[in-house]
Amino acid sequence: MDLTELFGVEGTLLAKLENESRTGSVKDRPVRWMVDDPRTDQAHTVVEASGGNTGISLAVAGRELGKRVIITMSRKMSPGKVRRMEEAGAEVVLCPCVGLDSPANFINVAQRLGAEEGVWYVDQFNNPANVAAHAEGTGPEILAQVGDGLDCFVAGAGTGGTLTGVGRALKRRRPGIEIVLADPVGSILAAHLRGEQVEGGPYLVEGIGGDFLPPLLDFDVLDGAYEIDDLESAAHLAVLREAGIRVGSSSGTAIGAALAYLRDNPGRTVCALLADAGDRYLETWQDEDWLTGHGLPVMLSHP
Ligand SMILES: Cc1ncc(COP(=O)(O)O)c(C=O)c1O
């Protein structure tokens, strides 16, 4: 979708709408690739650590495959995600919002559950099929849709699968293309790319950024990063919502980074990946009271 006019940019702002996928997020793709594995057949239960979207896609895939699905997720994430996973028959284990050094961290809990007999921990943070799904699927699809005019691709990083896979596919075809990380203020990833070591801080945007380096994120594929705070992400979501496009919080961050890139590189063509649908944020990022309660903008203009 072309968002150039909506955001009034100098250049071209395109959006890859992953909110339109079957289970409402970009995670449909890696989940399809990851469950296509003999370990799925051998297990009675699949376990995954998720920011919610992988959990929703895996819950649906697991139901179709007749597998028990257990998803571990941090309490920070929207309750709408839990509902969607449970509706699809998955069991959700909510974990405290603590770092990887704590045994209670959602990834560590998934790892422990995955060590049990007959249980397979899918492990999107280390599973190469996560990157392959984007290198073979999302990346070539973007090239087919946008053609050779693309100067820059922008996305956030949770596992890093999207940026690494899409980045490698695009650079293979167009070596000059720039791959840009959209990082929430409070995440350590953008600082790491600059060669700085910082402590992570809190932020409300879901599914991207973090306080550890995701093993699949290939920093060599990245050409730059922009740090976008919750306030700015919410402002962009408000613009999108007014235009009838309801997407998740990380899409606001991706738009923020794409706009920053176009400010620095006017006239260029950039594609931002909007990772998930707004339907899972009805009590949070799509709710006026929640936004106001967190000091975030609800509407930017009133007709
Ligand atoms: C909302 C949202 N946006 C973006 C991403 C980033 O995707 P990836 O894990 O491929 O880096 C995720 C991943 O969990 C997500 O949930």
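The side chain of Asn127 reaches the backbone nitrogen of Ala129 at 2.9 Å, and it also reaches the backbone oxygen of Val122 at 3.1 Å; a polar contact here is a pair of N or O atoms within 3.5 Å, where within protein one must be able to donate a hydrogen and the other to accept it, and where residues adjacent in sequence count only if both atoms are side-chain atoms. The model is predicted, with pLDDT of at least 70 needed for local features and 80 or more for side-chain atom pairs, whereas totals for chains, interfaces and linings use all residues. Residues are numbered from 1 along each chain as its sequence is written, and side-chain values use heavy atoms, with hydrogens and water left out.

Asn127 lies in the loop between strand 5 and helix 7 (128-146), helices (H or I, at least four residues) and strands (E, at least two) being DSSP runs numbered from the N terminus. With a relative accessible area of 6%, Asn127 is buried, a term that means under 20% relative accessible area, with exposed over 50% and partly exposed in between (1.4 Å probe, protein chains only). Once neighbours within four places in sequence are set aside, Asn127 is in contact (heavy atoms within 4.5 Å) with Met34, Trp120, Val122 and Leu216.

Strand 5 (119-121) also belongs to the surroundings of helix 6, whose buried residues pack against that strand as well as strand 2 (45-49), strand 3 (68-74) and strand 4 (91-95). Within helix 6 (residues 106-114), the buried residues are Phe106, Ile107, Asn108, Val109, Ala110 and Gly114. At the start of this helix, a side-chain oxygen of Asn105 comes to within 2.8 Å of the backbone nitrogen of Ile107.

The structure holds zero disulfides, a disulfide being a pair of cysteine sulfur atoms within 2.5 Å. For Cys95, which is in no disulfide, the nearest cysteine sulfur is that of Cys97, 10 Å away; Cys95 counts as buried at 2% relative accessibility. Cys152 is likewise in no disulfide, the nearest cysteine sulfur being that of Cys271 at 9.0 Å, and Cys152 counts as buried at 0% relative accessibility.
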